[in-house]
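User: Hello! I am new to this structure and would like to go through it in questions and answers. Could you show it to me first?

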Amino acid sequence: MDLSLRHIAHRYDEVEVLRDISLDIEKGQIVCIIGPSGCGKSTLLRIIGGLERPASGDVLQIGTPPSESLNPLTYIFQDFALLPWRTVADNVSLVLEDHALSAKARQNIINDVLARTKLSEFKGAYPRQLSGGMKQRVAIARALAVSPAVLLMDEPLSALDSQTRELLMDDLVDLWTKEHYTAVYVTHNLAEAVRLGHRIVVLSRRPGEIREIVDIDMPIETRTNDNPELEAIQKRLWNLMREEALAADRELLNV
Amino acid sequence: MSDRPIDPASLSQNSEAKSVPFRGGGFLPKPKRIIAPIVFIGLIAFWEFGSRTGFISNLILPAPSEAWASFMDLVHSGLLWKNLSASLQRLVLGWTAGTILGVFVGVLIGLSSLARSSLQPLVSAIFPIPKIALLPLFIIWFGIGEGSKVATIMFGTFFPTVIATYGGIDNVDRGLIRMGQSFGLTRLSIIRKIILPGALPAIFSGARISAAIAIILLVAAEMLGAEYGIGAYILMAGSLMATDQLIAGVAILSVLGLIIAWLIGLAEKYFLKWRA
């Protein structure tokens, strides 16, 4: 299943947030959306997944999602969004309980995704007992449980410290090389974008418009943090964003 | 920068050295378990001592031992159970009905725009009315018997529960609700598995407040014509100037309040064990 964004525009009352965004998200690709803070990238992600209605424009699903997909468009949130009153296994179970699955099938899925995210031994732990990195792993396990066609990630690593961020980034890369998932990855961190993105979309400051789309052909699994080619791309992206970020920083927040 | 390693001893030799004074700490009162019983027992002992030596006149305040004797009289005559069961029945009926209705209406106000705009102002308008003032009306509506007493308690506990419940729902993390929607959870699932558990801590604090209100209203309602009940017992003792019985009755109420608070605490510990 591919996604196609057609002329998305959005405003909150008087404030124009997004202007004429058109973008294709192809199966098996990771599209990173970067831009200065407040440029509407999180809003765009909410629109893509149907959590918010754009003022105009359309998000199209092209092709049908695979039949085993319980929730084709699945989010991973910056703040993890785990229920504090449920254990790790029950947090994963939550998103399966509304589907017609036998108790055994549900249990199998839970065990499988917890094993894939190396969480099996923390099944019975409550979120407050876990570190930030582990919490985000649980959220990833929960997302995998519904076999999504497209993963929508809203700054999934931004709430973590830099060491944990590195480890989880490796996990995301591993997971992609195994499963070739489709993803939209919103971040303000350029290093994350060049590490994970097949395609990087640079948004301008508010109202967010597409300034440039950069494709990176290098296979994701061979990318490293100190690759000169990637560093050059990152530098170029930074130059693109620099003025925007500077100007955005000096704007008054009124959304 | 010199590449000579810094000798820590040499620093302190240069001029006089002293420890940095400690300025942190404090402002963190911690409960100490033994203090409360000591204060309690000390106070009663002082009171008893004062009464025995005549320092506290028996007319003004009866000795704790006399109040205890009246209490034992109550126990032996079997009146304690008669009074207590009558009161407990009213309390349990009124408080349970008020809490269930209150949670229900609170959830409505918390979830529906229509309920919020219609009921919230109504709740705000009726909540501050002392329900005791309405007791004569309740007697006309529900009769002089149990009905009016239970209704008073129900009304008194209903409003704080409503306010606590919708306040709790308003404070549920919107991110969690959005997460539920993003995974395609049904509306009922979101309410049952995300909103209600999230509002539960607030509902429990509401229950603590409404339980105290229920005891206050219980006594007030029983003072207006009840054959049995702790409130009726206190009223009778008061009109006979039997201050020892009065103190015994008041002490029973205080213990009742403590037991209810303890029970709510137990329920909280069980249902909110996910909190640290």
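Predicted model: local features only at pLDDT ≥ 70, side-chain atom pairs only at ≥ 80, totals over all residues.

## A guided tour in questions and answers

User: Where in chain B does B:Phe27 lie, and what is its phi?

Analyst: B:Phe27 belongs to the loop between helix H1 (8–14) and helix H2 (35–53) of chain B. Most residues other than glycine have a negative phi. B:Phe27 is not a glycine, yet its phi is positive, near 55°.

User: Which loop of chain B holds B:Met241, and is B:Met241 buried or exposed?

Analyst: B:Met241 sits in the loop between helix H10 (230–239) and helix H11 (243–271) of chain B. B:Met241 has a positive phi of about 55°, although it is not a glycine. With 9 C-beta neighbours inside 10 Å, B:Met241 counts as exposed.

User: Let us turn to chain A. Which strands are the edge strands of the open sheet of 6 strands?

Analyst: The strand order in this sheet of chain A is S5-S6-S7-S3-S8-S9, with mixed pairing. From one strand to the next, the twist averages 15°. Two strands pair on one side only, and these edge strands are strand S5 (73–76) and strand S9 (210–215) of chain A.

User: What is the bridge partner of A:Arg199 in S9(A)?

Analyst: Strand S8 (residues 199–203) of chain A runs antiparallel to S9(A), and 5 bridges join the two. In S9(A), the partner of A:Arg199 is A:Asp215.

User: Chain A also has an open sheet of 3 strands. Why is one side of S2(A) and of S4(A) left without a neighbour in the sheet?

Analyst: The order of this antiparallel sheet in chain A is S2-S1-S4. Strand S2 (15–25) and strand S4 (56–62) of chain A stand at the edges, so one side of each lacks a neighbour because each has a single partner strand.

User: Which residue of S4(A) stands opposite A:Asp2?

Analyst: Strand S1 (residues 2–12) of chain A and S4(A) pair in the antiparallel sense over 6 bridges. In S4(A), the residue opposite A:Asp2 is A:Ile62.

User: How many of the 14 residues of H4(A) are buried?

Analyst: Helix H4 (residues 132–145) of chain A reaches 20 Å from its first C-alpha to its last, close to the 20 Å expected. Its buried residues, among them A:Met134 and A:Leu144, pack against S5, helix H2 (88–94), helix H3 (103–116), S6 and helix H5 (162–179) of chain A. H4(A) is largely enclosed by the rest of the structure, because the buried residues number 12 of the 14.

Technical notes: Residues numbered from 1 in each chain as written. Chains lettered and ligands numbered in written order. Helix = DSSP H or I, 4+ residues; strand = E, 2+ residues; numbered from the N terminus. Buried ≥ 20, exposed ≤ 12 C-beta atoms within 10 Å, placed from the backbone. Pairing = 2+ DSSP bridges. Axes fitted to C-alpha atoms, helices over the stretch in contact; angles between N-to-C directions. Expected span 1.5 Å × (residues − 1). Contact = placed C-beta atoms within 7 Å.
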